[in-house]
Amino acid sequence: MRVGGWAAAMLGLVLVLLCGARGGLGADPVIVTTPNVTSGSDVQLYCNITGAASAITGHKWIKEEDVLQSDDTSSHQTVYNLNEVNTDTSGEYVCQFLTNPPAEGIVFVTVKPHVLAYKKSEHGNEGDTGVLVCKCNSYPSVTEWTWYKKENDHYMPIVNSTEGRFFIKSSGNRTELRIVPLDIEKDPGEYICNGTNEVGQDGATVSLRVRSRLAALWPFLGIVAEVLVLVTIIFIYEKRRKPDEVLDDDDGGSAPLKSNATNHKDKNVRQRNAN
Amino acid sequence: MSPPVTSDLAYIPPDGGWGWAVVFGASITVGFSYSFPKAFTIYFKELQAAYKVSYSQIAWITSIMCAATYGGGPISSILVNRFGSRPVVIFGGLLCGIGMVSASFCTSIVQLYICVGLISGFGLALNLQPSVIIIGKYFLKRRPIANGLAMAGSPVMLCTLAPLNQFLFDNFGWRGSFLILGAILLNCCVAGALFRPIGPATGPIQKEANKEVKETAKAVGFLAATEEEEDKERCAKFNQYLDCSLFKHRGFLIYLVGNVLMFLGFFAPIVFLAPYAKHIGIDEYSAAFLLSILAIVDMIARPATGLIANSKWVRPKIQYFFSFSIAFNGACHLLCPLASDYAGLVIYSIFFGLAFGMVCAMLFETLMDLVGAVRFTSAVGLVTIAECCTILLGPPIGGTLIDTFGDYKYMFIKCGAVMVVAGTFLFIMNYYNYRMLAKEEKAVGTKDPEHGRTVNEGSNNWDSEKMQDGQELEPLTDEQGLKKEVNGLSEA
């Protein structure tokens, strides 16, 4: 990037001379920036200003409304260091010279798309809607999304309203494939979403599984059976223990009004032992 | 100065044996009742997408469920008074199961409100109260431990249900999950089967017995069959189902007011802990981990509190211990805004978990302690329906405070202040109550030394006074008076 910076400086110089020759007064400031960056690591982004309208009181680097760097030197050149050019760091970098009025230049860091599947494996219920989503946060945004289904090593393209069941909705950073209704025979498999922008293209794979309607039925029946078995065991155990329990209740001096009414009818059972 | 630790039951509770099986069953039902609404929130996102409604409309499901669980308290009490715990719990388990299974076939959000909210919620109400009631019937000396263990079911179940729900959802989708959850809730029926009835016959049979006794007495001329007597009988009949004379019971009223106040600030901090953590910049997983810490500490704190509350130093003064834990809880919340980083929040979560567990473990134990096991059935129903309002209002008020001021600290201050006030109120009022009880003991003690002695000769781990709450003596003496008449009759 040193070459680029040097070339920019030379260009700047030439422009200054030109402007100076024309008398400079009232001409807009000219900012020269690094040309588009598409790859590399430890990249430096330069902005050089010539013909500033007033004294330079500082600089700022801004990306998407976040101030990345700021200082208050009065240099005609400001530099921003980029560790690596990738999807996350791609975007528009605005260098701002704090003059009165402020002057800006833009450096475009562009990359080819890095497409990610929202979920690598999707499930859907038979008869319900299946939604497969891919996203891409690179700059510049994707201009074209395409979907394919992998069938025996071919890639079948899918377009909106294929078979009346497939619907594609796309935007610059996201695409959605909806399958309504899901068919358990035809629909499971791998789907590929492909995104293209002016730098290049990339794709991601999403695998779709369709659950049968009755998938949840077996665990359900299993648990109900377990509940019935346990309840039966508990009641049988209790019936078997009942003779013992009755003896236990007669223990020392308690006065239970027993559930069998016979005790009362007899009325000669002296249960209360109050002293 | 002692609580009515003597049993107003007409038998000695086993304090062990099959009681532990009952505690196990109770921990399952209590666990489901408390943790099911919380664990259900995992499905919200998917349901929101499926029915295309807003978050607050989905959140109504759990609100309705909680309202049904707490509002169904009195009905639950009436049913238990009539049928005993076991049938009610089994029926409750069936209701829950049916509710969830029908929810898996729902096609609109209103149907979900009914199936999940009302039906399952009411089923959970029918599970919760009888479980707590039957512990009072099986335990006396070890009742705090039993209560602590049963209430410990809630965090354990929460820790199990939350990942289980996620797993079910990933593998079966939300409809399949509801189906399976319905089956899982049927396990409450198993817990109910464990609730073997104990003690004298409840409700109708006892009523019959009393009636027979009275008729014989009237025939022989011992009692005058006046209009007043019949009125009293009708009142007594209704009171057998839902004891409204509790509203004249001093201890009950103190408990009611204190708890209703406390619940205003009880649940809101849990609801807002994770959002607060995210607000101060902690990532989502660490924020969720705070709740896990809370649950784990809670799990240990509940049985531990039960043990402490059972010790001979604390049990006679258990009401003070309860008020202390409420105030401690409040103090934690008041100090929370001082925690500005993750370590601070972890410490807060630990103390909060501890305090939360302490309060929950003793929630029903103290009520049992105040009103006695027999009237507890009705008391718990009346208390839960009163608490219903403040429980439901607590989090939304907290949410409004957060939205208005844009700062979480006011919500914590409000919760903390409310709980400290509630704790102090309970402390002072219980001091007054204990003194009044001591006075009443002395008064009754001089009148008739044999009064109020039910079967306590065996359980004398307690020191000195074995008197019950003064007002409670009345219904019992009537009964005993009648019994004496009968016995006198039979001897003749």
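## Ground rules

How many cavities of 30 Å³ or more are there? The count comes to 7. A cavity here is a set of points, on a 1 Å grid over the protein atoms alone, where a 1.4 Å probe fits but cannot get out. Grid points are joined across faces, edges and corners, and a volume is the space filled by probe spheres set on the points.

Keep in mind that this is a predicted model: local features need pLDDT of at least 70, side-chain atom pairs count only at pLDDT 80 or more, and totals for chains, interfaces and linings use all residues. Residues are numbered from 1 along each chain as its sequence is written, chains are lettered from A and ligands numbered from 1 in the order in which they are written, and side-chain values use heavy atoms, with hydrogens and water left out.

## The second largest cavity

This cavity has a volume of about 70 Å³. Its lining residues (those with an atom within 4 Å of a point) include Tyr34(B), Lys38(B), Ser154(B), Arg302(B) and Cys360(B). Two elements give two or more residues to the lining of the second largest cavity: helix 1 (18-40) and helix 16 (342-405) of chain B. Helices are DSSP runs of H or I with at least four residues, strands are E runs of at least two, and both are numbered from the N terminus.

Helix 16 of chain B gives the most to this lining, with 3 residues. By class, the lining of the second largest cavity splits into 7 nonpolar, 1 polar and 2 charged residues.

## The largest pocket

A pocket is an open set of points with protein on both sides within 12 Å along at least five of seven lines. The largest pocket has a volume of about 2200 Å³. Of its 47 lining residues, the closest to the centre are Lys38(B), Thr41(B), Tyr55(B), Ile270(B) and Val271(B).

Helix 14 of chain B gives the most to the lining of the largest pocket, with 10 residues. The class breakdown for this pocket is 32 nonpolar, 10 polar and 5 charged.

## Cores and a buried arginine

The largest nonpolar core has 73 residues, and Phe252(B), Met262(B) and Leu345(B) are among those with the most contacts inside it. Helix 16 of chain B supplies the largest share of this core, 23 residues. Such a core is a set of buried Ala, Val, Leu, Ile, Met, Phe, Trp, Tyr and Cys residues joined through side-chain atoms within 4.5 Å.

Is Arg143(B) buried or exposed? Arg143(B) is buried, with a relative accessible area of 2%. Buried means under 20%, exposed over 50% and partly exposed in between, using a 1.4 Å probe and protein chains only. Not counting residues up to four places away in sequence, Arg143(B) touches residues including Asp15(B), Glu365(B) and Asp369(B), where contact means heavy atoms within 4.5 Å.

## An exposed lysine in chain A

Lys120(A) is in the loop between strand 8 (115-117) and strand 9 (121-125) of chain A. Lys120(A) is exposed, at 64% relative accessible area. Leaving aside neighbours within four places in sequence, Lys120(A) contacts Thr205(A), Val206(A) and Ser207(A). Lys120(A) and Thr205(A) are 85 residues apart in sequence, yet their C-alpha atoms are 6.9 Å apart in space.

Note on methods
Nonpolar A, V, L, I, M, F, W, Y, C, P; charged D, E, K, R; others polar.
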